[in-house]
Amino acid sequence: MSSPSLPEQLSTPAAAPAVPSAAGARRRLVRRAGALVGAAVAAGLPLLVPDWTGLLVVVGIFFLAVLGLNLLTGLAGQVSLGQTLFMALGGYGAGLLTLRLHWPTTVATVVMALVSATVAALLGGSLLRLRGYYLALATLGLAVITESLASGLTDFTGGPSGLVAVPSLQLGGWTVFSDRANYYVLLVVCALGAWFTANVQASQTGRVLTSIAADGPAASMLGVNTARYKSQAFVASAVFASVAGSLYAFYLRFMSPDVISVTVAFSVVIMLALGGSRTLAGPLIGALVLQGLPQAGQAISRWEPLVAGLVLIGVMTYFPRGLWGTVTSLNLWRKAR
């Protein structure tokens, strides 16, 4: 059968654009309403639970670090234990620039984020050629080296005693000193980080990273430059971790090897696995659970690594998609019935 001529094709009316279904519009409305309610609750938390504001600040800092790891591990499938390297660069670097060179805190934060991105780009070229547990072991080596250098370079880091008297964050003429002030600054920063992550996940880049996680060789055969995309995810995760480290140093006014220890490196990965990857709520839930454990009592605080490990084993055994992923799956299953 011959195809229609060009005049016939031009005279044929174009198909009407698809009209969004009522169900899709309703889902978008529900999501927007949920986001507004969540923002209102988050803004009011320091007033509702003022004694927990300090904990919420730390949760926000780790939420930011886990969000970055979500891009690398959750989307691209590259398991990394090296987030503490970039947290150390951000924390110690911004602390030294403000304490000894008297740089503005915001400038020091941005500069160290760029330094961390550069280091990640240089390291990513070799590290990201590794796969699976080889990559995990290599990045674990970064975490071990980071803790050792933080303890050994006493002239720069203060050694085991830490870097003390770090200035508080300055925004113009405003000194961000109190727990509540730090919380609201982190709320804005975390909201921007979540917005960026959500846009990456919904974009073509997010779909490419997901395909790399599912089957990297197949993605390469289809013409995807897997090395470039994995490197971009590694750089983005480093920037998130660096900003988190800088904000941690400015909040505590102190930076020590304990803040970026190997245990903390494992904790960041546990937070992602616990809450669930490829979501925004998962990293938040993981940070809340793991950082909230010491608040449950002195006994749990003493055995926090053991309790966290047991919780992770239970979650990965019975809820392999994480807590939030399991809730989402159950909700979809209920609607399908």
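Reader: Which helix gives the most to the lining of the largest pocket?
Author: In this predicted model, α8 gives the most, with 11 residues. Helices here are DSSP runs of H or I with at least four residues, numbered from the N terminus. A pocket is an open set of points on a 1 Å grid over the protein atoms alone, with protein on both sides within 12 Å along at least five of seven lines, and lining residues have an atom within 4 Å of a point.

Reader: What volume does the largest pocket have, and which residues are closest to its centre?
Author: Its volume is about 1,300 Å³, taken as the space filled by probe spheres set on the points. Of the 31 lining residues, Phe63, Ala194, Leu280, Ala281 and Leu284 are the closest to the centre. At least two lining residues come from each of α2 (22-48), α3 (53-75), α8 and α13 (281-292).

Reader: How do the lining residues of the largest pocket divide by class?
Author: There are 23 nonpolar, six polar and two charged residues. Ala, Val, Leu, Ile, Met, Phe, Trp, Tyr, Cys and Pro count as nonpolar, Asp, Glu, Lys and Arg as charged, and the others as polar.

Reader: And the second largest pocket: which helix gives the most to its lining?
Author: That is α16 (322-336), with eight residues. The second largest pocket holds about 670 Å³ of space. Its lining has 25 residues, and Thr279, Arg321, Trp324, Gly325 and Thr328 lie nearest its centre. By class, the lining has 11 nonpolar, eight polar and six charged residues.

Reader: Changing topic, at what angle do α6 and α12 cross?
Author: The axes of α6 (132-152) and α12 (262-275) cross at roughly 140° and come within 8 Å. The two helices are therefore oblique to each other. Leu140, Ala143, Val144 and Glu147 of α6 make the contact (heavy atoms within 4.5 Å) with Val262, Ala265 and Phe266 of α12.

Reader: What conventions apply?
Author: Residues are numbered from 1 along each chain as its sequence is written, and side-chain values use heavy atoms, leaving out hydrogens and water. Local features need pLDDT of at least 70 and side-chain atom pairs count only at pLDDT 80 or more, whereas totals for chains, interfaces and linings use all residues.

Notes
Axes fitted to C-alpha atoms, helices over the stretch in contact; angles between N-to-C directions. Parallel < 35°, antiparallel > 145°, perpendicular 65-115°, else oblique. 1 Å grid on protein atoms, 1.4 Å probe; cavity = no way out; pocket = protein on both sides within 12 Å on 5 of 7 lines; lining within 4 Å.
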